[in-house]
Amino acid sequence: MNRRNFLAAGAALPFFGRGAQAASGSFEITRTKAEWRAMLSDAEYRVMREEGTERAFTSPLNDEKRAGTYLCRGCDLPLYASSAKYDSGTGWPSFWESLPNAIGTRRDRKLFMLRTECHCRRCGSHLGHIFDDGPPPTGKRHCLNGVSLTFRPA
């Protein structure tokens with residue numbers, strides 16, 4: 001079983017988001033824990049504020065094919081253009097690049113490996129991870145949780 005199959009099967013879910021918090025630091029948009037809880041579903045809160053993950057192949061955005069823009073669910077910042085979206089086969093919405101000045105990154109050592117976590121640069125909400133196995137021209141795979149995003153058709 002390779003890493004993608006392991007993750008897609010949900011075997012790794014107990015290791016995601018245990019005690020973690022959304023990116024720390026200074027953000028343009030800040031809310032209290034109570035405010036975040038009031039505006040997000042339990043699943044959205046777990047992913048966006050506690051760095052959890054949604055089960056693979058469950059997000060309707062994984063199958064979204066229309067032209068448009070993917071925005072942060074926490075603050076509506078445009079994050080990804082549909083033209084950078086591709087089917088990675090992992091079960092999560094995947095992109096080969098973000099929009100300029102849209103995301104922040106940091107090192108993530110959960111799951112016994114070093115990964116690059118990505119979050120909204122404006123509100124700090126967890127989006128997913130960036131891997132080096134994506135398509136040209138960047139070679140990157142921004143593997144995102146659909147619950148962290150909203151879609152605005154063009």
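Modeller: Let's begin with leucine 71, whose bridge partner in strand 2 is proline 78. This is a predicted model, so please read everything below as computed from it. Strand 1 and strand 2 run antiparallel and are joined by three bridges. Strand 2 covers residues 78-81, while strand 1 covers residues 68-72. Together the two strands form a hairpin, with five residues between them. In that turn you will find aspartate 76, which has a positive phi of about 65°.

Now stay with strand 1 and look at tyrosine 70, which lies in this strand. Its ring pairs with the ring of phenylalanine 95: the centres are 5.0 Å apart and the planes meet at 70°, so the pair is edge-to-face. Tyrosine 70 and phenylalanine 95 are both buried. A search of the whole structure finds three aromatic pairs, and ring pairs link Tyr70, Tyr80, Phe95 and Phe151 into a cluster.

Phenylalanine 95 leads us on to the partners of strand 4. Strand 3 and strand 4 run antiparallel, with two bridges joining them. Tyrosine 86 has serine 94, in strand 4, as its bridge partner. Both strands are part of an open sheet of six strands, paired antiparallel in the order 3-4-8-7-6-5. Its edge strands are strand 3 (85-86) and strand 5 (103-108), each of which pairs on one side only.

The loop between strand 7 (126-131) and strand 8 (141-144) holds proline 137. A cis peptide bond joins proline 136 to proline 137, with omega at about 10°.

Let's go back to strand 1 and look at the loop between helix 3 and this strand, where two residues deserve a stop. One of them is glutamate 51, found in this loop, with helix 3 spanning 42-50. Its phi is near 55°, a positive value in a residue other than glycine. Phenylalanine 57 lies in the loop between helix 3 and strand 1 too, and this residue has a positive phi of about 65° although it is not a glycine. Are these two residues buried or exposed? Glutamate 51 has a relative accessible area of 4%, and buried means under 20%, so glutamate 51 is buried. Phenylalanine 57 is at 52% relative accessibility, and exposed means over 50%, so phenylalanine 57 counts as exposed.

Rings also take part in two arrangements with arginines. The charged end of arginine 49 sits over the ring of tryptophan 36, 4.0 Å from its centre. Arginine 37, in turn, lies over the face of tyrosine 45, at 3.8 Å from the ring centre.

Finally, a word on confidence. The protein chain has a mean pLDDT of 87, and 82% of its residues reach 70 or more. Over residues 1-20, however, the pLDDT is below 50, and this stretch has 40 contacts in the model beyond near neighbours in sequence.

Conventions
Residues are numbered from 1 along each chain as its sequence is written. This is a predicted model: local features need pLDDT of at least 70, side-chain atom pairs count only at pLDDT 80 or more; totals for chains, interfaces and linings use all residues. Side-chain values use heavy atoms; hydrogens and water are left out. Rings of Phe, Tyr and Trp (its six-membered ring) pair if their centres lie within 6.5 Å; planes under 30 degrees apart count as stacked, over 60 as edge-to-face and the rest as tilted. Helices (H or I, at least four residues) and strands (E, at least two) are DSSP runs, numbered from the N terminus. Buried means under 20% relative accessible area, exposed over 50%, partly exposed in between (1.4 Å probe, protein chains only). A charge sits over a ring if NZ of Lys or CZ of Arg is within 6 Å of the ring centre and within 35 degrees of the ring normal. Two strands pair if DSSP finds at least two bridges between them. pLDDT is the predictor's confidence in each residue, from 0 to 100. Contact means heavy atoms within 4.5 Å.
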